[in-house]
Amino acid sequence: MIARAAVVPYPPLLVPELVVADVPEVSSVRRACVAAARFLAAGSRRWIAVAPGFGEVPDGAVGTFRGFGVDVRVRLAADTEGDVDPSLPLPVLIAGWLRQQAGAQSVSVHLVSPEATREQCQELGARLARETSGPVGLLVLGDGSPKHGDRAPGRPDERAPDFDDAVHTALSNADAEALLALDEGLAGELDAQGRAPWQVLAGTGGDWRCAGSELMVPFGVAYHVAVWENGRS
């Protein structure tokens, strides 16, 4: 059974070694994400993660942030001593880094296409819930829109605030139906990479309640952090 879920973004700025200066906005996001991961680990030291991407991620993989400037190594399982895979995508690296920060035993990562339909996401969520034995934590990695205001790294879009406000409300209310109702086309236009993983969470079908939710928008990018508890556990 999926006992708890944690929703987090996956910017490289979460890793202190990759950040030159101690910026308060960065520290706030990092603290919130690590706290969410520790909440997840308090319910189970065995995690499943869903993140945007393609292909499969081997259990126990070892990766590095060398491609982002510093050779910070992460492992998806505490008892793994394998060779470093330099091709692991950023969300997988962040999943491994958060596992280590929280002291979890392992995290098995499932990549879901950003173009997956809500039905496909819902089906994956239901399958993960159905196939899980014992208490397991679900780590949901996904960024909101990077098109907020003048600080946006890309071209700003006036629709971004309303979209991410709706996501924040859905996460704060543990409202699976509202997450499933997110417009796939709009999410794609706003480059909100979290849409598919959030809808996988919605598809797990638990008796969820929210234990905390934050929306932060540093540097024009929306970062959602939320923790849910399953009343069925």
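Strand β2 (residues 46-52) is mostly covered, with 6 of its 7 residues buried. Buried means under 20% relative accessible area, exposed over 50%, and partly exposed in between (1.4 Å probe, protein chains only). Helices (H or I, at least four residues) and strands (E, at least two) are DSSP runs, numbered from the N terminus. This is a predicted model: local features need pLDDT of at least 70, side-chain atom pairs count only at pLDDT 80 or more, and totals for chains, interfaces and linings use all residues. Residues are numbered from 1 along each chain as its sequence is written, and side-chain values use heavy atoms, with hydrogens and water left out.

Start with the partners of β2. Strand β5 (residues 106-112) runs parallel to β2 and is joined to it by 7 bridges. Two strands pair if DSSP finds at least two bridges between them. Trp 47 stands opposite Val 107 in β5. Strand β6 (residues 136-141) is also parallel to β2, joined by 4 bridges. Here Ile 48 stands opposite Leu 138. Strands of a sheet pair through backbone hydrogen bonds, either parallel or antiparallel.

Now widen the view. The sheet is open and has 6 strands, in the order β5-β2-β6-β1-β8-β7, with mixed pairing. Strands β5 and β7 (208-216) stand at the edges with a single partner strand each, so one side of each has no neighbour in the sheet. Neighbouring strands are turned by 15 degrees against each other on average, direction ignored. Axes are lines fitted to C-alpha atoms, for helices over the stretch in contact, and angles run from 0 to 180 degrees between N-to-C directions.

Arg 209 stands opposite Glu 229 in β8. Helix α4 (residues 160-172) packs on the sheet and touches β1 (2-8), β7 and β8. Contact means heavy atoms within 4.5 Å. The direction of α4 makes about 150 degrees with that of β7. Helix α7 (residues 195-202) packs on the sheet too, touching β1, β2, β5, β6, β7 and β8. Its direction makes about 155 degrees with that of β6.

Next comes helix α2 (residues 90-102). At 1.5 Å a residue, its 13 residues should span 18 Å, and the end C-alpha atoms are 18 Å apart, which agrees. The expected span is 1.5 Å times one less than the number of residues. Helix α2 is mostly covered, with 11 of its 13 residues buried. Among them are Trp 97, Arg 99 and Ala 102. Gly 103 follows α2, and its phi is positive, near 75 degrees.

Charged pairs complete the tour. A search of the whole structure finds 9 salt bridges. A salt bridge is a side-chain nitrogen of Lys or Arg within 4 Å of a carboxyl oxygen of Asp or Glu. Arg 209 and Glu 229 form one, with the closest N and O atoms 2.3 Å apart. This pair links distant parts of the chain: Arg 209 is in β7 and Glu 229 in β8, 20 residues apart. Arg 209 is partly exposed at 47% relative accessible area, whereas Glu 229 counts as buried at 18%. Arg 4 joins Arg 209 and Glu 229 in a network of salt bridges.

Asp 157 and Arg 159 meet in another salt bridge (2.9 Å, N to O). Asp 157 is buried, with a relative accessible area of 16%, and Arg 159 is partly exposed at 36%. Arg 73 pairs with Asp 71, the closest N and O atoms being 3.3 Å apart. Arg 73 is partly exposed at 46%, and Asp 71 is partly exposed at 39%.
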